[in-house]
Amino acid sequence: MNKLSFKYFRKLLIVISILVNILSNDLMAQAKNPSPLHFPTPKNIDNMLFYIQRDPNTNTAIYAINYQENGKINKSDPIKAYWIRYAEKGDKKDFSYIQRKFAYGIESKTVNNEEFELQFVSYKKLPLTLKKIESDQKYHVFVSVNQKKIQVEKIFVRIEGGSFWLPNVKYAEVTGIDASSNKTITERMLLK
């Protein structure tokens, strides 16, 4: 190599290294904190299965088992869903009609005595399963994301702009227990 091409190659290599470093730092920062908001973790929620948090505020949608007075699951409506309004002093509040019917509500179908198929009213491409597990005799929600079966603990939905009726959803992340390894995992999926 002559001196001119070696100097050019060295400068190019330095520039590429700097760009890779900047990009990898940006990607790591986004992966660690995908939102500028600090989201609280719901605690001491009776019969909670999982929760959803999303931009643009810290209010959290809670999904819990809907037990009847006799202690058995309500088979016609197995999920009770509502807000914890962290942005408003942590008050508990039912979903509005529009939120329940068009955004955060869940539709269910009985499979058998201890198992139900669930779907979000706003995104039917993500089938969930609610079922009682032998090991702890409790109900849990499961979903398959990226060929992994996950016992769902939380879902984060990244929203950037859009409108009330058509938010610009960038992705959703499902966090929970990997059914095959029993380890906590987070799987990201692009919603289309």
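For sorting residues by class, I count Ala, Val, Leu, Ile, Met, Phe, Trp, Tyr, Cys and Pro as nonpolar, Asp, Glu, Lys and Arg as charged, and the others, Gly among them, as polar. This is a predicted model, where local features need pLDDT of at least 70 and side-chain atom pairs pLDDT 80 or more, while totals for chains, interfaces and linings use all residues. Residues are numbered from 1 along each chain as its sequence is written, and side-chain values use heavy atoms, without hydrogens and water.

I looked up the largest pocket and got a volume of about 910 Å³. Its lining has 31 residues, with Ala103, Tyr104, Ile159, Pro167 and Val169 the closest to the centre. A pocket here is an open set of points on a 1 Å grid where a 1.4 Å probe fits, with protein on both sides within 12 Å along at least five of seven lines; lining residues have an atom within 4 Å of a point. The volume is the space filled by probe spheres set on the points, which are joined across faces, edges and corners. By class I found 21 nonpolar, six polar and four charged lining residues. β9 gives the largest share, five residues. Strands are DSSP E runs of at least two residues, numbered from the N terminus.

**β3.** Five of its seven residues are buried (under 20% relative accessible area), so β3 is largely enclosed by the rest of the structure. β2 runs antiparallel to β3, joined by six bridges; strands pair if DSSP finds at least two. I see lysine 80 in β3 opposite alanine 64. On to β4 (residues 91-94): four bridges join β3 to this strand, again antiparallel. Tryptophan 83 has lysine 93 in β4 as its bridge partner. Five residues separate β3 and β4 in their hairpin, and lysine 89 in the turn has a positive phi of about 70°.

Definitions and conventions. Buried means under 20% relative accessible area, exposed over 50%, partly exposed in between (1.4 Å probe, protein chains only).
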